[in-house]
Amino acid sequence: MIGWLSPLRTVDAVQPADYDTLEEIHAASFDAPWSADEQAALNDKPNVATFVARRGSATSSRRPIGFITVRHAADEGEVLTMAVHPRQRRAGVGRLLLNAALRHLYAERVNEVFLEVDPQNEPALNLYKRTGFVPVGERPDYYRDANGAHKALTMRLEMNQPEMLARCG
């Protein structure tokens, strides 16, 4: 939506009170969700960051509507997970989260970012491709669901690309 009908959204760092909602969002997005305790423990590590999207108006709930978790080591970064509440999908929340995470990784002097994505998840795959991620490999049996195991596509983004410098600088 455009103009005054656009839902305002903000992105900020995860807060301890957010973890239960992040567990719910992750469970609605993945067959093997991360618990609130697992997410809290992961975020206790100094090289891990989670960013949370929220509705931004004063009259709306401040509960998370999506989140992304990234980590970095040396000059390499990784998107560990990203999930958006089902009712908020296809509204730009994923792009907002990904851009926030990439700005953070750029500030940490990361040169390239990796992620795994289900090749059947077309909205995520399209978002990553539009952002500049390119396929670099596959990981067999990465995802597990009621139908068994299936592969993940590994993608890489070079952060020194001019468009990344413009976005993250």
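## Burial and overall layout

A residue is called buried when its relative accessible area is under 20%. By that criterion strand 4 is mostly covered, with 7 of its 9 residues buried. The structure described here is a predicted model. In the protein chain, which has 169 residues, buried residues make up 40%.

The protein chain contains 5 helices and 7 strands. Read from the N terminus, these elements follow the order β-α-α-β-β-β-α-β-α-β-β-α. Of the contacts in the protein chain between residues at least 6 apart in sequence, 60% join residues at least 24 apart.

The 7 strands form an open sheet in the order 1-2-3-4-5-7-6, with mixed pairing. Its edges are strand 1 (9–13) and strand 6 (134–145), each of which pairs on one side only. From one strand to the next, the twist averages 25°.

## Strand 4 and its partners

Strand 4 is joined to strand 3 by 8 bridges, and these two strands run antiparallel. A73 stands opposite E76 of strand 4. The hairpin of strand 3 and strand 4 has 2 residues between the strands, and within this hairpin A74 takes a positive phi near 55°.

Strand 4 is also joined to strand 5, here by 3 bridges, and this pair runs parallel. E76 stands opposite E112 in strand 5, while E78 has F114 of strand 5 as its bridge partner. Between strand 4 and strand 5 the chain passes through helix 3, making a right-handed β-α-β crossover.

## Helices against the sheet

Helix 2 (residues 36–43) lies across strand 2, strand 3 and strand 4, and runs at about 125° to strand 2. Helix 3 packs on the sheet as well, touching strand 1, strand 2, strand 3, strand 4, strand 5 and strand 7. The direction of helix 3 makes about 25° with that of strand 3.

Helix 3 covers residues 93–107. The buried residues of helix 3 are V93, G94, L97, L98, N99, A100, A101, L102 and L105. After helix 3 comes R109, which has a positive phi near 65°.

## The nonpolar cores

In soluble globular proteins, nonpolar side chains tend to be buried together. In this model, the largest nonpolar core has 28 residues. The residues with the most contacts inside this core are I68, V70, V113, V117, Y128, F133 and M155. Two or more residues come from each of strand 2 (48–55), strand 3 (64–73), strand 4 (76–84), helix 3, strand 5 (112–117), helix 4 (122–131) and strand 7 (148–158). Helix 3 gives the most to this core, with 6 residues.

Leaving aside neighbours within four places in sequence, I68 is in contact with A49, T50, F51, V79, T81, M82, L97, L98 and A101.

Note on methods: Residues numbered from 1 in each chain as written. Predicted model: local features only at pLDDT ≥ 70, side-chain atom pairs only at ≥ 80, totals over all residues. Heavy atoms only, no water. Helix = DSSP H or I, 4+ residues; strand = E, 2+ residues; numbered from the N terminus. Expected span 1.5 Å × (residues − 1). Buried < 20%, exposed > 50% of the residue type's maximum accessible area, 1.4 Å probe, protein only. Core = buried A, V, L, I, M, F, W, Y, C linked by side-chain atoms within 4.5 Å. Contact = heavy atoms within 4.5 Å. Pairing = 2+ DSSP bridges. Axes fitted to C-alpha atoms, helices over the stretch in contact; angles between N-to-C directions. Right-handed = clockwise from strand over helix to strand, strands pointing away.
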